[in-house]
Amino acid sequence: MLGGLLVPAVINGLALGAIYALTALGLTLIYGVLHIINFAHGSLLMLALYAALFLYTLGGVDPYVAILVLMPAFFAAGYVLQRLVIQPAWHGRDENVLLVTLGLAIVIDNLALWLWTSTTRSIDSRYAFEVVDLGVAFIPIAKLVGFFGALAFGALLWALMTFTDLGKAIRAVAREREGARLVGVRVEHIYAMTFGIGTAMVAAAACLLLPTFYVTPQVGYAFVLVAFTTVVLGGMGSFPGALFAGLLLGVVEALCGLYLGESLGQIGIFVVFILMVLFRPTGLFGARA
Amino acid sequence: MSGKAAGSVLLAALLAVPFVVQSEFWLSFWLLVLMFAFLGQSWNVLGGYGGQFSFGHALFFGGGAFGTAILQVRHGINAYLAGAIAITLTAMVGALLGYLVFRYRLRGAYFALVTLAFAEVARVLIASFEYTGGGFGMLVPLARGAANFQFDDRRIFYLIAWTLVAGGCLIALWLENSRFGAQLIAVRENEDGAQALGVDPVRTKVLAIALSAAMAATVGVFYVQNFLFVDSQIAFGPGMSIEALLVAIIGGVGTAFGPLIGAVVLHALGELAKQITGNAPGLNLVLYGLLLIAALRFLPSGFVSAFGRRPKASPGAVDA
């Protein structure tokens, strides 16, 4: 009977799904404001995973503490990337942005491959084997932290967008770019800020993910597809949609892994993506364009 | 010198390679360049002239490669027939995929990502079944002879590849001068406008993707005959998809000789980097990525545009 495995699988799926959601929040924010698809999003996640890994193995910094360092660092990196690399290649054509971020992904992934080889690495932190009894299943503490941490960062992002002047400016640019410019919003600055915030979310996701996951240079590619699926499923630019879709996809992957075998786990996600794009391209929560 | 003249000269010069170059290494190198030039041309038919940027062209390359390998190995079908069947089936897959996607007017990023997702699904599925070679891949038995489309002399492969590339350039020139090509470019520039003038955008794009898929599948078939081996990662992995779009974009999207120029530039630089860095894994791809970024910024119309005159079919040149 698979019932005994089902509940833990769903819980594990939710834990991974929360990370998917957090990654996708960054992507959907960038899409919602800049209307560009950042293909390098997964590669930046991979880079953040390596950063957290090396901070732990070389500096002894706990991944959860590393959030404090990596979020500002990745925010700055995102800001600079948007300003110096992505914006100048735009030339008013959205395909160019897709291609330039693809170029970034190729560069980052292969630099990582060159520097750190394709060896799979993970950290064995002290809480890796500590579990909590939830009554229906045992779950590693790190997964629980990841789950609630991801939700907390999601809430933080929401608060930033809702209550601050920066959030207001970002929403204004997303809604009406030229109008925002006319009332004194520096649109190019807001674009870069948005890209930076989205990249910072990736850093947070990486730090929460690392204790229960592994890192290889290829991990970004796997994640970028999942993040796109999450964004499309939730409706391009929708926050609650990305959250819900992320959790759903985590469960889908866990269940496909359970019933079809580990290697086919991600197939479920691609199939969801294809069906979604073909039959409801606006997503579950998106408005008709 | 215009892009077309430069491209023609380059193409003609490449014909001389097997008669001049003695080293097996450099012959293989230029053979690979020609294969990628034709793969890039297949991408260019859909992406350049049709404006539909595929991120999963490996799907079609892999369809041809695995199609012919499976038919030959598992069913003992003759190499030529197997290749023809594989190309036809892949073109049909392309048409079906195109119909599904274009019916909903999905384009831009959606189209790019859907093609990528299809290629990924194919990669995982192919690696999962014994029938398709599983994780190991497919090995086509060595049986030299023209009857099996296996030649001892690599120069024959080279000449076939050159003929393919020349044919690819002719297809592109045909697109620039034919009714169908005009319709395709019109749909690229302004779909609603083209439709208002009586062009059926879905039909036009489906035909373009079928042609593009057949061309990419041809490269796959040729690859298998040349190397007698293919696995799911080579055939359906992201590397092949990236290669296809990279040579076209760096050379010049929507130009007849862009993919050829792109393939030569890209692989010459890649090989140079390899010689300098001592074949560090991944480093030539880093260079490709940097080139892509630089090209988009400084030469958005590709290397072709470095040859003076603006190419005829470049974006913005045609008003529909």
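The legends below describe close-up views of a predicted model. Local features need pLDDT of at least 70 and side-chain atom pairs count only at pLDDT 80 or more, while totals for chains, interfaces and linings use all residues; side-chain values use heavy atoms, with hydrogens and water left out. Residues are numbered from 1 along each chain as its sequence is written, and chains are lettered from A and ligands numbered from 1 in the order in which they are written.

**View 1. Overall fold of chain A.** Chain A holds eleven helices and two strands (DSSP runs numbered from the N terminus: helices are H or I with at least four residues, strands E with at least two). Read from the N terminus, the order of elements is α-α-α-α-β-β-α-α-α-α-α-α-α. The C-alpha trace spans about 60 × 45 × 35 Å along its principal axes. A compact globule of 289 residues would have a radius of gyration near 19 Å, and chain A agrees with this at 19 Å (taken over C-alpha atoms; the globule rule is 2.2 Å times the number of residues to the power 0.38).

View 2. Of the 289 residues in chain A, 56% count as buried (buried is under 20% relative accessible area, exposed over 50%, partly exposed in between, with a 1.4 Å probe and protein chains only). Chain A exposes about 11800 Å², and carbon and sulfur atoms supply 68% of this area (Shrake-Rupley method, 1.4 Å probe; for residues, only the protein chains shown count as cover). Among contacts between residues at least 6 apart in sequence, 76% join residues at least 24 apart (contact: heavy atoms within 4.5 Å).

**View 3. The kinked helix α3 of chain A.** Helix α3(A) covers residues 63-86, and its end C-alpha atoms are only 29 Å apart, short of the 34 Å that a straight helix of 24 residues would reach at 1.5 Å a residue (expected span: 1.5 Å times one less than the number of residues). A kink of about 35° lies at V69(A), shortly before the proline P72(A) (the bend is the angle between axes fitted to the seven residues ending at a residue and the seven starting there). D62(A) caps the N-terminal end of α3(A), with a side-chain oxygen 2.8 Å from the backbone nitrogen of Y64(A). Buried residues of this helix include L70(A), M71(A), F74(A) and Y79(A).

View 4. R175(A) belongs to helix α6 (residues 165-175) of chain A and counts as exposed because its relative accessibility is 74%. The C-alpha atoms of R175(A) and G32(A) are separated by 8.9 Å, although the two residues are 143 apart along the chain. T117(A) sits in the loop between α4 (94-116) and β1 (131-133) of chain A. T117(A) is not a glycine, yet has a positive phi of about 55°; at 39% relative accessibility, T117(A) counts as partly exposed.

**View 5. L228(B) in its loop.** L228(B) lies in the loop between α10 (201-227) and β2 (229-230) of chain B. Phi of L228(B) is near 60°, a positive value in a residue other than glycine. L228(B) is buried, as its relative accessible area is 9%.

**View 6. Surroundings of N44(B).** N44(B) is part of helix α3 (residues 24-49) of chain B and counts as buried at 0% relative accessibility. A polar atom of the N44(B) side chain lies 2.9 Å from the backbone oxygen of T255(B). Neighbours within four places in sequence aside, the residues in contact with N44(B) include Y49(B), A248(B), G252(B) and P259(B).

Note on methods: A polar contact is a pair of N or O atoms within 3.5 Å; within protein, one must be able to donate a hydrogen and the other to accept it, and residues adjacent in sequence count only if both atoms are side-chain atoms.
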